[in-house]
Amino acid sequence: MAEADANSVNFRLQRGEGAGGWFTRLRRRWWFRLLAVLALLAGIGMVAGWALFARDLPSVDALKAYEPPLPTTIRSADGTPIHTYARERRVELDYAEFPPLLVRAFLAAEDKTFFEHHGVDFPGFAGAVVDYVSKMGTGARARGGSTITQQVAKNLLIGNEYSPSRKVREMILAWRIEDALTKPQILELYLNGIPMGRRAFGVQAAARAYFNKDVDQLALQEMAFLATLPKAPESYGRAANADRALERRNWVLSEMLRNGFINNAQYQTARGEPLGLSDRQLPTLQSKAGYYVEEVRRQLIDRFGEKAAEGPYSVYDGGLWVRTSLDQKIQADATDALRRGLLRFDSGRGWSGPIKMLDIADGWQGPLLASNMAIDFDNWRVGVVVSRGSDSAEIGFTDGTTGTMPRWGAQMPVRGKGGTAFAALKVGDVIAVAPEGGEWVLRSIPKISGGMVVEDPRTGRLLALQGGFDASLDSFNRATQAMRQPGSTIKPIVYAAAFEAGMTPATIIVDGPFCVYQGARLGQKCFRNFGNSRGAGPHTIRWGLEQSRNLMTVQAANRTGMEKVVGLMQRIGITDQKYAPYLSYALGAGETTVMRMVNAYSILANNGRQLTPSVIDFVQNRKGEVIWPERWRACERCNMPDWDGKPMPRPRIRARQVVDAVSAYQMTHVAEGVIQRGTATILRDFGRPIMGKTGTSTGPTDVWFVGGTPQMIAGLYLGYDQPRSLGGYAQGGTVAAPIFKAFATKAWEGMEVLPFRAPPGTRMVRIDRASGRPVTGAWPTDDPKAAVIWEAFKPESEPTRQRRNREAEAQAKAEAAAKAKAAAAAARREQQQRPSDSDFLQREGGIY
């Protein structure tokens with residue numbers, strides 16, 4: 001038969017039919033036509049499927065360069081992480097950093113055949129299709145049947161829409177992903193990005209959120225619990241669903257056992273463990289550095305933006321690593337000193353009232369957690385009044401526990417109202433309490449507030465910053481935002497301008513009545529010393545600053561010219577906009593911030609070189625590359641364990657000179673006398689060179705101290721947010737300086753004793769401290785009240801007897817002319833019936 005067929009074919013070929021004729025007859029067969037139609041339909045179906053499902057799918061290549069949104073991490077000056085800016089918990093790890101047992105837990109729960117399939121588990125997919133068809137019309141959701149690769153495609157590329165078309169798109173992408181990435185790369189993407197509940201994405205973030213551990217610290221039962229979360233991330237982590245979570249966790253353990261990932265002993269041990277979940281609360285702000293890290297956040301947002309749409313280095317998505325200049329010990333010392341100073345001033349004034357009111361009709365723990373309030377001071381805690389009876393009140397805390405506050409624990413009077421605090425308490429009041437004898441007693445948050453800044457005067461780096469009592473209770477940063485009148489702390493800037501204009505620390509100025517006529521509108525302004533003390537006659541500028549004499553300061557400013565004085569205030573950074581040239585600004589009538597005042601003093605201590613206060617040393621992207629400052633370079637030899645014998649590496653100084661170097665040193669040297677003999681002698685027993693100045697504003701509404709050593713300048717003020725009198729007894733030397741001392745006692749412990757360095761060209765001359773005249777027969781001693789001291793002069797400006805006589809004659813003539821001019825002006829005003837005083841300047845200052 002076969003031979004006959006072969007002969008038939010040969011015969012047809014010999015007749016010339018050929019292959020074309022044979023194919024023509026084949027097309028007439030019915031089965032051939034059917035196959036052709038089916039092939040055409042299949043082709044059309046493939047094109048349609050491509051158009052419907054695959055045409056606009058995202059490129060898998062995006063996964064190779066995928067960078068998940070990551071929070072920004074803040075580090076202190078020594079590199080310790082101190083805070084994270086995050087709306088979601090995310091931590092990215094390499095595949096090798098995931099414990100193998102943790103990987104197996106997820107494989108057992110989600111995709112047992114992950115290492116065998118090519119992105120799609122067809123038997124599992126078929127089961128999912130059957131389940132989907134069986135549940136159509138019921139409203140129930142079918143099981144997913146997705147592999148880990150498909151979940152990566154869903155989570156990172158196409159979204160979580162519930163539809164058959166999404167499932168098909170997911171399968172196509174999964175197939176492509178398997179072609180583009182290795183299995184470990186796919187698992188790394190999955191384990192870093194899977195939603196896990198509690199605002200955590202990825203297993204490392206989830207380990208922190210649920211167990212407060214890193215992945216390498218997790219026990220087997222904890223790994224198994226995390227593997228349950230992708231199925232229902234917002235369900236299994238809830239306390240109300242603990243039984244369901246335990247059942248699901250044990251199922252994962254059984255699957256691990258069945259697949260040979262663990263042995264029976266491991267299974268039995270882990271199965272008997274409780275869930276052991278930690279509290280749901282997100283990591284709270286570190287209160288001692290709260291104001292500091294908030295200032296860092298503000299500056300980062302200004303530079304890089306807040307969200308991913310604003311740039312690749314946004315604060316909440318860019319994964320930045322930020323090295324700050326924060327010294328945690330100094331920050332803790334500053335915070336503690338300021339807080340205790342505020343409490344000391346506020347003590348005895350009664351209860352300041354609740355921190356906040358909450359609506360707790362539907363439960364108290366949720367609203368209390370949402371308020372995000374905490375206190376990191378001694379053993380104080382924030383709680384909410386849950387109920388109140390006649391003899392006690394029940395207090396609820398953020399961890400869900402409650403305590404009792406007896407009536408005797410809240411007997412302080414209510415400030416400004418009278419009655420006891422216990423009687424004034426209401427359900428829903430958020431209050432501060434402290435433990436005592438197994439119960440809780442009420443504490444009062446001070447109404448008085450203030451700010452404090454600590455700066456390195458060699459670099460401008462801010463070592464600490466405290467803007468109030470506690471950042472978790474009040475976010476307003478008084479160290480950088482509160483505009484306050486600096487009082488007499490402005491006087492060193494005034495005298496620095498006078499030194500630039502040719503005066504010296506030994507220049508004699510009369511501490512006596514001084515009035516100026518300021519035109520028809522402002523009238524005459526007569527200045528006075530603090531406490532209306534009478535003038536003390538002619539004295540040196542040094543004495544005038546040490547004793548904070550207002551009359552001498554305004555006369556020095558008047559001689560210098562207020563245009564020059566306010567010009568220096570602007571140059572040194574006390575104000576951005578130049579003050580009007582009114583003499584009251586020489587006594588602190590203008591407004592500024594603690595940070596600006598501390599930086600101005602730091603410039604003086606830095607021999608007049610410009611400093612810009614900074615909280616950020618440098619910023620790195622997620623790959624470790626420094627992206628700010630621009631053209632940043634590491635100091636290659638700064639961190640050597642041993643000296644290599646070469647000259648020490650020193651950064652090149654590029655700062656411009658904003659104050660004459662010798663004038664700045666003269667002022668610093670004079671300000672040391674404030675500590676030795678003046679208004680801040682409370683600091684004299686430190687036994688080291690310290691410069692500084694106290695300040696008290698009109699009212700008094702604010703009290704100040706600014707000063708420090710060559711290594712550390714600090715400043716602070718106390719005052720009410722809505723300025724009002726602190727009481728007649730309040731002065732910078734009696735309220736602010738003791739707070740500074742409490743800070744310095746801890747912060748300066750072990751710090752090297754260094755002198756302030758005089759710049760080239762400074763001449764040190766022995767003078768009589770009282771008269772300012774040169775001395776040749778005696779030498780200075782360590783006695784603060786010694787008659788002979790060293791004084792700093794510019795070349796050719798040091799006093800001689802002949803020069804002193806000429807200066808005395810010129811001064812006497814100038815004073816006589818000024819008195820005659822003032823008398824003539826007074827006569828004219830009497831004739832014109834003009835007012836004799838200046839309401840304007842009384843409103844603007846008169847700072848004493």
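## Salt bridges

The structure holds 31 salt bridges. The model is a predicted one, and the contacts described below are computed from its atoms. In general terms, side chains of opposite charge can pair when their charged atoms come close.

One of these pairs is formed by Arg298 and Glu295, whose closest N and O atoms are 2.5 Å apart. Both residues belong to helix H14, which spans residues 290-304. Arg298 and Glu295 are three residues apart in that helix, about one turn. What is the relative accessible area of Glu295? Glu295 has a value of 5% and is therefore buried, given that the cut-off for burial is under 20%. Arg298, at 38% relative accessibility, counts as partly exposed.

## Further pairs and a network

A salt bridge also joins the side chains of Lys183 and Glu178, with an N to O distance of 3.0 Å. Is Lys183 buried or exposed? Lys183 is buried, with a relative accessible area of 15%.

The side chains of Asp214 and Arg208 meet in another salt bridge, at 3.2 Å from N to O. Asp214 counts as partly exposed because its relative accessibility is 25%, a value that lies between the limits of 20% for buried and 50% for exposed residues. Arg208 is likewise partly exposed, with a relative accessible area of 35%.

Which residues are linked in a network of salt bridges? Asp336, Arg340, Asp378 and Lys746 are linked in this way.

## The disulfide

The structure holds one disulfide. The bond joins Cys515 to Cys526, with an S to S distance of 2.0 Å. The link of Cys515 and Cys526 is right-handed, with 110° about the S-S bond. The pair links distant parts of the chain, the two cysteines being eleven residues apart. Cys515 lies in strand S15, which covers residues 514-517, and Cys526 lies in strand S16, which covers residues 524-527.

How accessible are the two cysteines? Cys515 has a relative accessible area of 31% and is partly exposed. Cys526 is partly exposed too, with a relative accessible area of 28%.

## Charged patches on the surface

Arg407 counts as partly exposed, at 35% relative accessibility.

A patch of negative charge on the surface brings together Glu92, Asp94, Glu97 and Asp216. One of its members, Asp94, is found in the loop between strand S3 (89-90) and helix H5 (100-110). At 47% relative accessibility, Asp94 counts as partly exposed, since the exposed class requires over 50%.

How values were computed. Residues are numbered from 1 along each chain as its sequence is written. This is a predicted model: local features need pLDDT of at least 70, side-chain atom pairs count only at pLDDT 80 or more; totals for chains, interfaces and linings use all residues. Side-chain values use heavy atoms; hydrogens and water are left out. Buried means under 20% relative accessible area, exposed over 50%, partly exposed in between (1.4 Å probe, protein chains only). A disulfide is a pair of cysteine sulfur atoms within 2.5 Å. Helices (H or I, at least four residues) and strands (E, at least two) are DSSP runs, numbered from the N terminus. Patches are made of residues with over 30% relative accessible area and no salt bridge: like charges are joined within 9 Å, nonpolar side chains (Val, Leu, Ile, Met, Phe, Trp, Tyr) within 5 Å. Accessible areas come from the Shrake-Rupley method with a 1.4 Å probe; for residues, only the protein chains shown count as cover. A salt bridge is a side-chain nitrogen of Lys or Arg within 4 Å of a carboxyl oxygen of Asp or Glu. Lys and Arg count as positive and Asp and Glu as negative; His and the chain ends are not counted. The place of a charge is taken as NZ of Lys, CZ of Arg, CG of Asp or CD of Glu.
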